[in-house]
Amino acid sequence: MQYVFDKNAKDNTLFIKDENYNYLIKARRHKIGDKITFRNLEDNFIYIYNISSIDKKSAILTLETEEEKILENDRKLHLAWCIVDPKTIYENITSLNELGVSKISFIYSDFSQKNFKINFEKLEKVLINSSSQCGRSSIFKIDTYKSIDEFIKEYPKSYILDFSNQLIEDKKDLIDVLIVGPEGGFSKRERELFKKEFVIGFKSNLILRSETAIISASSKIII
């Protein structure tokens, strides 16, 4: 883990308990005098704390130094992911965060099951753990849309990942917003919403799962 998240990091005194206490004191066995790096994910600073006291359920840390340190990809990518089973989202969202995706909009497309509901509190916790592991100084932004129609009204120059002779590799420098479909892909009605020049694909005839497609596409654009 590159740092520990605490929303109060930057205060002169930091009181830790529960999850952070269990990780730092019980699992990592840190002792009085050890220095621990924290972020609050609201600013770009890392905060170095010294453990000043420990008891059975909590510990007190004292701020020693702070340093502005931004760790982000220069390439910005906004993904629009048509909603799939939330379990699939939770299992794969860390890869997208580690790749440096800047934002994800979740869309209820024609083939998305409307009963699928995303637990955004759980998702935020997964993303915080991901950034703590990879060192990223933020987590990406999240929002939702009721339909693709609603989304493209706001982002009319969005690219769509589908079967196409236009390869993603040839367009990657132009793609700032990319829409990826759910299981079953896009409906005929939805496909008619896009101009051909904004439809891109992979050099493959195989049908990819939604999570495979979105991670593969993000890798090709960002890395």
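What percentages of helix and strand does the chain have over residues 16-63, and how far apart are the end C-alpha atoms? The answer is given in the first legend.

The model is predicted: local features need pLDDT of at least 70, side-chain atom pairs count only at pLDDT 80 or more, and totals for chains, interfaces and linings use all residues. Residues are numbered from 1 along each chain as its sequence is written, and side-chain values use heavy atoms, with hydrogens and water left out.

Close-up A. The chain here is 21% helix and 48% strand, with 13 Å between the end C-alpha atoms. Helices (H or I, at least four residues) and strands (E, at least two) are DSSP runs, numbered from the N terminus.

**Close-up B. Helices α2 and α7.** The axes (lines fitted to C-alpha atoms over the stretch in contact, with angles from 0 to 180 degrees between N-to-C directions) of α2 (residues 86-99) and α7 (residues 210-222) come within 10 Å and cross at roughly 5°. The two helices are therefore roughly parallel to each other, a term for angles under 35 degrees. Thr88, Asn92, Ser95, Leu96 and Leu99 of α2 meet Glu211, Ile214, Ile215, Ser218, Ser219 and Ile222 of α7, where contact means heavy atoms within 4.5 Å.

**Close-up C. The largest pocket.** A pocket is an open set of points on a 1 Å grid over the protein atoms alone, where a 1.4 Å probe fits, with protein on both sides within 12 Å along at least five of seven lines; lining residues have an atom within 4 Å of a point. This one holds about 550 Å³ of space, the volume being that filled by probe spheres set on the points. Among its 20 lining residues, Phe5, Glu19, Asn20, Lys125 and Ile128 lie nearest the centre. Helix α3 gives the most to the lining, with six residues.

Methods: Angles under 35 degrees count as roughly parallel, over 145 as roughly antiparallel, 65 to 115 as roughly perpendicular and the rest as oblique.
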